[in-house]
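Please examine the sequence and the structure shown below. The account that follows is meant to be read alongside them.

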Amino acid sequence: LYLFVPGNPDDIVVSQCFKFFVTDICSDKHVFITGCDSGFGNLLAKQLDGKGFQVIAACLTEKGAADLTAATSPRLKTLLLNVTDSESIRKAVEFVSTEVGGEVRRAAGLWGLVNNAGRSIPIGPTDWMEMEDFTKVLDVNLIGLIDVTLQFIPLLKKARGRVVNVASILGRLNLVGGGYCPSKWGVEAFSDSLRKDMSHFGVKVSIIEPGFFKTAVTSVDLINADMRRLWTRLPQHVKNAYGNTYLEDCRYMQDFSMRMLCSADLSQVTRCMEHALTARFPRTRYGAGWDAKLFWIPLSYLPSFVADFVVKTLLPCPEEAKNNRKAS
């Protein structure tokens, strides 16, 4: 382009290409982000605020909201939100509708909804779990995400806006027991249905599939502490089946895997989120992180026995299974 276009190519070609591939970025675009206390949501809120968006950041705690307010411009607004509480979501919708221009039925609309709030624990072997352990995670990662989306749909349709749902590579490939993987598979399925249904109204839906990053979700200390909690309540026959060293073996392998895989560069994920919000043609799915693109996503397309073999190498083997192998 620089060789064949006369005049100033910055003004002629680059600007026209930019306008074609990127939506009009202006200060009247509102974006609502959940899970902004830390991690991806916190960084995205700061990132979009720095680029002139009208960001409304939802935090679970007052401290998270105060810290984010102190680190951003006066343009950014915060509110407290518990995504497992429909009444809390309803109040958030009222707040956002006021910010974007009045009552819900007359509002100018919400340009972007980023469903980022999530939790990982409890995780562990399935037979360590009780029903409550699944619901704790599903209520936040899946049911809460659906509830938030359904209540914000009228505002999104008015603006012909964007929905960005944070799933995971664990929404393609199951590595651990507990509610986390089922919740992320659910996010993938819900997002696919939503994308098709909302396409008639000009609303675009994208899925973010991060690999392993250093956030609260992958905190080894939190995961190990919760696994110790699960271990202490197990019946003795289950403990005997796994063996006395299983918990320590898990801790060692978790530490090793997270050190090897986890990236501290959260901007790899937030850049995908920003593209989904600003590109004229956003992608359906964004794999974020070298491990997601080069390892986990390709592995998810291979036969199940291959994926099973890889996963087994990353986790310790129960004592009873070792004894059975020796006996056979």
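The model is predicted. Its protein chain has 13 helices and 7 strands. Of the 328 residues in the chain, 50% are buried. The accessible surface comes to about 16,200 Å², and carbon and sulfur atoms account for 58% of that area. When contacts between residues at least 6 apart in sequence are considered, 70% of them join residues at least 24 apart.

One is the side chain of asparagine 115, with which the threonine 149 side chain makes a polar contact at 2.9 Å. The other is the backbone oxygen of leucine 145, which lies 2.8 Å from a polar atom of the threonine 149 side chain. With neighbours within four places in sequence left aside, threonine 149 is in contact with Leu113, Asn115, Asn165, Phe190 and Leu194.

Apart from neighbours within four places in sequence, tryptophan 296 is in contact with Ile169, Leu173, Leu175, Phe212, Leu261, Asp291 and Leu314. The C-alpha atom of tryptophan 296 is also separated by 7.7 Å from that of glycine 211, although the two residues are 85 apart along the chain.

Two cysteines may be considered next. Cysteine 262 is buried, at 12% relative accessible area, and cysteine 272 is likewise buried, at 11%. A disulfide is a covalent bond between the sulfur atoms of two cysteines. With sulfur atoms required to lie within 2.5 Å of each other, the count of disulfides comes to 0.

The surface provides a contrasting case. Phenylalanine 256 lies in helix α9, which covers residues 246–261. Because its relative accessibility is 44%, phenylalanine 256 counts as partly exposed, a class that lies between the 20% and 50% cut-offs. Together with Tyr252 and Met260, Phe256 forms a nonpolar patch on the surface, and the accessible area of these residues together is about 350 Å².

Conventions: Residues are numbered from 1 along each chain as its sequence is written. This is a predicted model: local features need pLDDT of at least 70, side-chain atom pairs count only at pLDDT 80 or more; totals for chains, interfaces and linings use all residues. Side-chain values use heavy atoms; hydrogens and water are left out. Patches are made of residues with over 30% relative accessible area and no salt bridge: like charges are joined within 9 Å, nonpolar side chains (Val, Leu, Ile, Met, Phe, Trp, Tyr) within 5 Å. Accessible areas come from the Shrake-Rupley method with a 1.4 Å probe; for residues, only the protein chains shown count as cover. A salt bridge is a side-chain nitrogen of Lys or Arg within 4 Å of a carboxyl oxygen of Asp or Glu. Helices (H or I, at least four residues) and strands (E, at least two) are DSSP runs, numbered from the N terminus. Buried means under 20% relative accessible area, exposed over 50%, partly exposed in between (1.4 Å probe, protein chains only). A polar contact is a pair of N or O atoms within 3.5 Å; within protein, one must be able to donate a hydrogen and the other to accept it, and residues adjacent in sequence count only if both atoms are side-chain atoms. Contact means heavy atoms within 4.5 Å.
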